[in-house]
Amino acid sequence: MPVTVRWLLRHPELHLAAAGGSDDLSREIDFVVTTELADPAQWLSGGELVLTTGIGLLDRTGAVADRAGCDRYVQRLVERGIVALGFGVGLTFDDIPQDLVDAAAAARLPLIVVPRPTPFVAIARAVADRSAELQYRAQELAARAQPRMTRAAVSGGAVALLKELATACDGAALLLDDDGRVTQSAPAGVSPAVMRAVGEQVRGHRTSSAVTIGAETAIVTQPIRVAGRTYGHLAVASRHEPRPTDHVLIGHANSLLALDFDKPHRLDALAVRVNIAVFTLLLGDEPDGAHIQTLAVDAADGHGRVRVLVCRDLGANAGRVAGLLGARLTELRRPAFAVARPDGEVAVLLRGTDGEEAIAGLLGALPRSARRHVRAGVSSSVPLTAVADGYRDAITIAGTALRGGPVADRTSAAGVSLVATTDGRAALDVLSRLLIDPLVAYDDAHGTALTESLRSYLENHGQWETAATDLGVHRHTLRARIAKVETELGVDLGSARVRAELLLALLIRT
């Protein structure tokens, strides 16, 4: 909706009128210029509304230019491309000279009568305000059109997108192959002449965008390219010169089409990588680790790092839980790497930046009946090359978590990680049988409290007073008991390693 001469004449506060019977009032005004020069053309660039009181029509003696002089004055303005001439009456002239009226009519230049009470600056302000208003409206319409185009592309594909683009740009939208042949268009029934013109433009600009403004049709074409691959061309043909918002919308449509066209290529490339990995396993070979890592790169954060979440003690429900967690990741539009392990565990690949809130939200996809039995632990952030290490860490950490409780992390494992792992428990069981069972047997046989005393002594870091207070005995009594422990076990509690092993052996019996 440009600012036209017709709109200006209809402005109720300016009281303007057309002089003569000009029928070309749809001309678009770019700018308003006031000048009293006899030859202002050299200072103009085209598209202006020129305002004057007619001083330039007077010679040095004050005589008014005749018809030939008016013709020359008007012709220079027309050749420069001005839109219209506004003549202020009531100052230099009471009325517009008839010779000027006739010259303007002959040149088909709109001539506007500006009454004495209307300031020229009011006309310039009205045009500037209207131009700003229309620009804002255009941007608002473009902002509204972009979501419609996106929804159309998602739900209806290229055809639906072309329809929305054609409507938004008030023209015809066409999709062409790389040879310039029209494959789809909207609306239906685009003229063969327009299709030929668009095809010729595409063939002349295969790798670049192009704009051609003809007498009746303006054409904009853009190649649809992704990473050096051309999928065709997008074109818009209209009867008006392309507006800035049109270029924005065409670029938006191009991006949507590029994403849609490139999707099968990306999926095919991913399928090839998966097939290679599977075939390598079927052949009995070890798959290339770097190749396998590329399959999971989309699961990592911006620095290529991941965390491994492990849910333990699921038993036969592991497969169902893995499916629920994978579905939740898909809902979040993230790669779903969730797998059930043979020992009733589920492992999930997360971004390295995923924190407590994100992980809790993921586990929220599980029903309460499943969540109340789960012990969950998450590794620290690791690179993709160390996923196996992260998985082993997560298993250990999950072993320290409470059933149905919050997700444990590395800080939760401090002091209990050896007890939490199967291998760690097995080693500590042996240690407990060797070092603690004899002490327990002695207590049972003699009614003593050597085992309890040893635990208090070790947990209080050998502090006699503190340990004795915990036991409710005198420190000399505790000293005697610890000496008896050393005798019965044949160890020296002055050794830090001995104390550490005895404490671990006691912890396993908790």
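Buried means under 20% relative accessible area, exposed over 50%, and partly exposed in between, with a 1.4 Å probe and protein chains only. Welcome to the close-ups of this predicted model, in which local features need pLDDT of at least 70, side-chain atom pairs count only at pLDDT 80 or more, and totals for chains, interfaces and linings use all residues. Residues are numbered from 1 along each chain as its sequence is written, and side-chain values use heavy atoms, with hydrogens and water left out.

**View 1. The protein chain as a setting for the close-ups.** Its 18 helices and 15 strands are DSSP runs numbered from the N terminus (helices: H or I, at least four residues; strands: E, at least two). Of the 510 residues, 39% count as buried. Contacts (heavy atoms within 4.5 Å) with a separation of 6 or more come to 62% from residues 24 or more positions apart.

**View 2. N254 in helix 6.** Helix 6 covers residues 244-282 and includes N254. N254 counts as buried because its relative accessibility is 9%. Leaving aside residues up to four places away in sequence, N254 touches Q222, P223, I224 and L234.

**View 3. S379 in a loop between two strands.** Here you can find S379 between strand 14 (375-378) and strand 15 (382-383). With a relative accessibility of 1%, S379 is therefore classed as buried. Beyond residues up to four places away in sequence, S379 touches R307, V308, G390, D393, A394 and I397.

**View 4. S379 and T396.** These residues lie 17 residues apart along the chain, and their C-alpha atoms are separated by 9.2 Å.
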